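These are my notebook entries on a few features that I looked up.

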Amino acid sequence: MRASGYTDRLGFRFILLVLSLAVLALMVPMQDAYAQRDLAEKNQQVIRLYQSGQKTEAIALAEQTVAIARSRGDDKVTAILMSQLGNFYRDVGRFGDAENTLKTVVAMLERGGQGSNFALAQALNNLGGVYLNQNMFADAEKLFQRSLELYKKLPPGKEHNIWTGNGINNLAVLHGMEANAKAENGQLEEANQAYDKMIAEITDVIPLWSKEFGPTHQNISVLYQNRGEAYAKRKQYDLAEADLRQALALRLKYLPPKHWVIATTQNSLANVLVQESKFPEAEQLLQSALVIRTEALGPSHPSVARNLIALSQLSAASGNTTAAVDYSRKATAAVIEHARTETLAVRQQQGAGGLVEQSASYFIQHVDNLAAAQAASPAPQLGDEALQAAQWAVQSVTAGAVQQLGVRLAAGGDAVAALVRESQDTSVQWRERDKALIAEVSKPIGQQNRAAIEALRRQIVQLEDKQKTLEARIDKDFPDYAALSNPKPLTVADAQKLLAPDEALVFFLPGDKASYVFALTHDAFEWHTIALSRKDLGEKVVAFRRGLDVDELDASIKAGRPIIYFNLELAHELYSGLFGPVEATIKDKHNLAVVPSGALTSLPFHLLVTGRPPAAPVEPNAQPAYRDAPWLFQRQAVSVLPSVASLKALRSTARTDHGTKPFIGFGNPLFQNNAPAGNQRGMARSRGYNEFWTARGSVDRGRLATLDPLPETAEEIRDIADRLGAAPEDIHLGKDASETIVKQAQLSNYRVIYFATHGLVAGQITGIGEPSLVLSIPPNPTAADDGLLTSSEVAELKLNADWVVLSACNTMAGNAPGADALSGLARAFFYAGSRALLVSHWAVASDAATQLTISTFDFLGKDPAIGRAGALSRAMGAYLNDAPDEKHANPAYWGPFSVVGEGSVK
C-alpha cells in the first residue's frame, strides 16, 4: 500500500496555487497590479527554493509572503498562500504549525461566505492530510468527506470529474492506511472492512479519471497499483494479479524501462505471484526490480531491501533455504545501515515509527529462515544470529521517549548535546541527498544528469561514514545515552557474561505463523519454535486476563451474578506452550528474567501455573483452588526486562553507591475539586492515551479533570514512608504532588521513589504520544508543568534509586495486548538512574496495593539477599495464603504487580 499516496500529489497542488495567484492578479484594481505581481514573483521563488530542496529557506520566504498578503487585507490571496505554507509545514513534519495554519485558512474562507467554493474544499483537503500523516484517521475522514461534498458541487465537466475523483481517492488512501494500522494491531476484521472501502472507492475513481486523463495516464496506473495491493491484503490474489499487471503495463508504456517506479510494481506483482506459487515469473520480476533499484539508488538503499526480502520470501516458499537466509541477511543489513540516518521529523512523517520498526517483518522473516536452516542442519551460530535478529524485530516504538529526549538533549550546551546535534544534522543532510537522488533518477533516461547522480551517491556515502564515526563517539563517551537511544542487540556470549549462576533469561518473539523462545543462562543457550502465532498469542492473553478485573469481580459479587474466575487450566496451558520447550534449562534458576514483546507485554508471567492445577475455582469458596495451584512466582522470582539489551544497560552502568535518604513519595494528586473518591486507580484504563491530548499536542485539561481522585493513596504513601523511616518533608501529597516539585527535588538522594497516581500509557499520537504519570493539574499549565510527567521528562531526571514504584493503573501495558507502553517508561527511568521499577498490570484495589507494597519492602528489609523480585514473590504468597477476605485469594487482588528491571541482588 502506498502510504505516501496522499503526499505524492503535493507538487500538483503547487502548480494550482501558482495559477490561482495569476488569476487573482487580474481581479484586483489596477493600482494594486504591481504589488500583486510582486507577490506572485516572490511565490514563484518560494516554489523554486522548495522544489530544489532548500526547504528551510522556502518556508521562511513563504512566511514573509503570507505576512505581506495579510498586511494588505486580502483574505483570498492570504488564504491561498497560507494553504501552501501549511502544506510545507506538513511536508517537513511540523504538524502543529500545519494544523494551526490550515485551520486559519478554513476559518478565513468560511468567514468570507465562501463555504461551498473550490478553495475551501482544497483547504479542508489539506488539513485532512495533516491528520492523515499522524494516523488520526477519524479526524482526517471527516475533513475529506466534507471536502468531497464541495468538489461534487463543482459544475459538471472536467474539473468536477478530476476533483471529485481526487476527493474519493483521498478517502481510499486513508482507508488503506487505516486498514494497514488495524492489521498491524491484529484487528483483522476491521482491517478487511477498511480495505473493502478502499477497493470500492478506487473502483469509483477509475472511470472518472480515465475519462479526463485518458485510460493510460500515470494517475490511472497509481489507482490500479493501490487497488491491486488492497486486493492482495484481502488475499484476493486473482484480482490483485489482474490490477497489478494492468499497472505494470501502463508504467512500462509511459515510463523509461529502468524507472524505479516500475520496480515498485514489479515487486508488488511478484509478491502476489509468490502467493499463487508462480515462482519462476515472480523471481524474474524481482530480479529485474532489484537491478533497477540497485542501479538507481545504490546496493544498500531501503528500497533495495524491499526487493531482497521479497526474494527471501520467494526462496523460502520454494524451499531454497540457503538463498532465503542469504537474501534476508542482506535485507536486514540494509535496514540497520540506513536506520542511523533517521531524525525525529522523518519518523513523524512516516507515521509508523522508524525504519527498523517498519521493517520488523524483515527481521522476523530472517528468524524464520534461520529456523528452517537450523532444522535442516543445526549450527550454533544460527541461534546466535537468530537472537540478534529477533532483538531488532522487537525494537520498541518507545521511540516516543527517545525522540523527545534527543530533541531535549540537542538543545543543551554540554558535550553530548553537541554530538547529538551534529548527528541529527548529518541525518537531515543524508535525507536531503537521498531525496534529491530519487528525484534525479525518476527523470527520463535522456534527461538525467549522470554527473549529479554520481556526486549525490558519493555525498551519501560520506555522510554515512560520518554518521558511523559520530555513533562510535557517542557509544564510547556517553554509553548511557547510547543504550537508551540506539540499543544494540546482545550476542549470546555477551548476554551470558551478564547472567549470574542462579539466573535465567527468556526472550519471546511472536511471528505471523509461529513464534520463538530463546533461553539463556550463564553456561547454556537454546532456542525453539513455538506453535503459536502472533494472533494465537493475542487471543490467549486476552482470555488469560479474564477474571483479573477487580471492578468486574466486585460488581459480580454485589449483584449475585456468577463470577468469572481466573482460568487456572489456561494458565498452565500457556506456561507449557511458552516455557515448556526450555523448562529443563531454566527451572532450577532462582531468578527468572523475561523479555516479552507484542501481546505478551500484557501477560503477568508470575501468574502462569507450572503444573496441572488440582482443581478449578468454584463458588462459593475458591480459596483452595488458588492456594494449591503451582504458581510460577512460587518456584522462581520473576522480573521483566523491556529488552535483552537493557540487561547490559542496567549492569554495565550499575553504581555501587546508593541514595542516602530512604524514600520520597508523591500521591493523591489534585485533578478536580469535590469529586467522589474511588477505590481503584482505574479511570485512565478505559481510555486511550491520545484522548488526553488535543490535536496540537497540548494536554486536554478537561479530560484530565475527569480522572478519579485517589485519597487512599495518601495513606499508602504515609504507611510506606513510616516503614522506611522517611522524613515528613519527603511526603508530597495533594497539590505538592506536582511536576514542579518532582523536577525540583534532589531525587538522586533517595533509594526509593514512589508514585501513587494514574498512569496514562495506552496509545500514541505520532511525535507526541508518550507514556505519562498524572500529577496535580496546575491552575495555569506551562510547558514545564502541565500535570503530565512524560517519559522524555523522566529521562531528564537525575536518579540514584534502588527502585521506582509506579503504584498506578496500567503502568505495565496499555488497553490492548501488545500496546508496548512499558518500554517507554522503563527505559526512561533506567536512563535517569533507577535500577528497577515496580509496576502494575491492571487497575489496582487500593487496600491490596497498600498491603502488597508495604509487605514487599518489609521482606526486602529483613532479607536483602532475596532481591526485589523475591521480595514481591513473598509478599504475594503471604497475601494469597492469609487473605483478609476469601475473595482476596483471587489473583485479581494479589497479582497485579511486576518487577521491571533488576530483580535480583546486584
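Are phenylalanine 663 and tyrosine 754 buried or exposed? I find that both are buried, where buried means under 20% relative accessible area and exposed over 50%, with partly exposed in between (1.4 Å probe, protein chains only).

Basis of the entries. I am working with a predicted model, in which local features need pLDDT of at least 70 and side-chain atom pairs count only at pLDDT 80 or more, while totals for chains, interfaces and linings use all residues. Residues are numbered from 1 along each chain as its sequence is written, and side-chain values use heavy atoms, with hydrogens and water left out.

Entry on aromatic pairs. I looked up the pairs and noted 22 in the structure; rings of Phe, Tyr and Trp (its six-membered ring) pair if their centres lie within 6.5 Å, and planes under 30 degrees apart count as stacked, over 60 as edge-to-face and the rest as tilted. The ring centres of phenylalanine 508 and phenylalanine 605 are 5.9 Å apart with planes at 5 degrees, so I record this pair as stacked. Phenylalanine 508 belongs to strand 1 (residues 503–509) and phenylalanine 605 to the loop between strand 4 (591–595) and helix 29 (623–628), so the pair ties together parts 97 residues apart in sequence. Helices (H or I, at least four residues) and strands (E, at least two) are DSSP runs, numbered from the N terminus. Phenylalanine 508 is buried at a relative accessible area of 1%, and phenylalanine 605 is buried at 2%.

I then returned to phenylalanine 663 and tyrosine 754, whose ring centres are 5.8 Å apart with planes at 45 degrees, so the pair is tilted. Phenylalanine 663 lies in strand 6 (residues 661–667) and tyrosine 754 in strand 8 (residues 750–756), so parts 91 residues apart in sequence are tied together. I also noted one aromatic cluster formed by Phe544, Phe566, Trp631, Phe633 and Trp894.

Entry on helix 9. Helix 9 (residues 188–213) has 26 residues and reaches 36 Å from its first C-alpha to its last, close to the expected 38 Å, which is 1.5 Å times one less than its number of residues. Its buried residues, among them Tyr195, Glu201 and Trp209, pack against helix 8 (158–184) and helix 10 (218–233). Glycine 214, with a positive phi near 100 degrees, follows helix 9.

Terms used:
Contact = heavy atoms within 4.5 Å.
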